[in-house]
Amino acid sequence: MNIPKILVVDDEIGICQAVQRALQPTGFQVDTTTSGEKCLDIIQKGNYDLVLLDVMMPGVNGIELIASIHEHDPEIVCIIITGYATVELAVQAIKNGAYDFLTKPFSLDDLLLAVNQGLERHKLSLEARRAEAAEAEARQLAAEKERLEELDRAKQQFINLVTHELKAPVAAIQNYLYIIRDGYASPEEQAGLLEKCLVRSEEELTLLSDLLELGKIQAMESQAKSSTASLKDALEGVLETFKEQIAQKHLVLDVSITDPIPPVTGLPEQLKSLWGNLIDNAIKYTPENGSISVRLYTEQGNVMGEVSDTGIGIPPEEQGRLFGEFFRARNAKDLEIRGTGLGLVIVKRVVEAAGGRISVQSEPGRGSTFKFRIPPATG
């Protein structure tokens, strides 16, 4: 059982000694000081439950000490003792945080009553604080449990989606091969079925490549938080890889970079993946003789990136699902444009890992604009 610790602060040494003699036999540890200036030093070194403070002391006012005492430990109970009691002084003391007010000369019974009530208040206050801390911890644990359960559900859903997406091309290839093996296809038909096998195997390889890239991007995130890279360098690094695709579809590419472009949080590989997936989508979903615009600039202190195209666009009711795993818009499927539905997932992960946000504006038949905003790296 902890022994209550009490500090008596009074410039009259006789008062200090009298209070000490009165309280120590009842089981309290009582320390004293005649200096208000030393009071705070003593409190900071000790672990006091209650302080008896004289109001009128040389150099310092007992009431003024209450705020400093509570700044150190808000649970310490302060009781004012004074020989100059007035209603105004009592009100002032209570307003400044005093628990009680004793007028000199006071009896032993008055002293014990005030001290015991003050210590009970201290005990209840500590219990309330512990209860609040326990409740806050319980809320935090419940929130963490809910978050982990949500992550587990998302993980399981992702695994189910991956399994389905990986199985579909393999199952199709098997069916074509069974048809050929079992003699259901003529020699002329076999060539077409083998071509379908090649197409579906390419889909599988593309999906595996995107899954590996997504895993790589996720693995980089912790390292990327302490790294910086240039969106401008990343853009210039990937543009060369798309020249042949752009030429084959006779697309017009317009690139605009407005210097200076400050570095952002991330790794060069991540930023190349960001630009690469956005530009690849623009090329893929833009018909021949269309145009693509890429912009990089700063706005209100942020680094801004835009990739616009004159492609097939995205139906309004489907735009909210664009950044979900394996999602592909209905019109893209209808036109049999191949894709894995992971490119924009990767883009979103990279942008958000850098502290940014990405949005899309699109109209079916009139194209799409993907716009991201990333704050410059600090430090």
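Biologist: Let's start with the second largest pocket: what volume does it have?

Modeller: About 500 Å³. A volume here is the space filled by probe spheres set on the grid points, which are joined across faces, edges and corners. Before we go on: this is a predicted model, where local features need pLDDT of at least 70, side-chain atom pairs count only at pLDDT 80 or more, and totals for chains, interfaces and linings use all residues. Residues are numbered from 1 along each chain as its sequence is written, and side-chain values use heavy atoms, with hydrogens and water left out.

Biologist: What makes something a pocket and not a cavity?

Modeller: Work on a 1 Å grid over the protein atoms alone: in a cavity a 1.4 Å probe fits but cannot get out, while a pocket is an open set of points with protein on both sides within 12 Å along at least five of seven lines. Lining residues have an atom within 4 Å of a point.

Biologist: Which residues lie nearest the centre of the second largest pocket?

Modeller: Asn2, Pro4, Asp49, His122 and Leu126, out of 18 lining residues. Helix H5 (residues 108–181) gives the most to that lining, with eight residues. Helices are DSSP runs of H or I with at least four residues, numbered from the N terminus.

Biologist: Why are Lys348 and Glu352 called a salt bridge?

Modeller: The rule asks for a side-chain nitrogen of Lys or Arg within 4 Å of a carboxyl oxygen of Asp or Glu. The closest N and O atoms of Lys348 and Glu352 are 2.9 Å apart, so the pair passes. The two sit four residues apart in helix H11 (residues 343–353), which means about one helical turn between them.

Biologist: How many salt bridges does the rule give?

Modeller: The count comes to 15.
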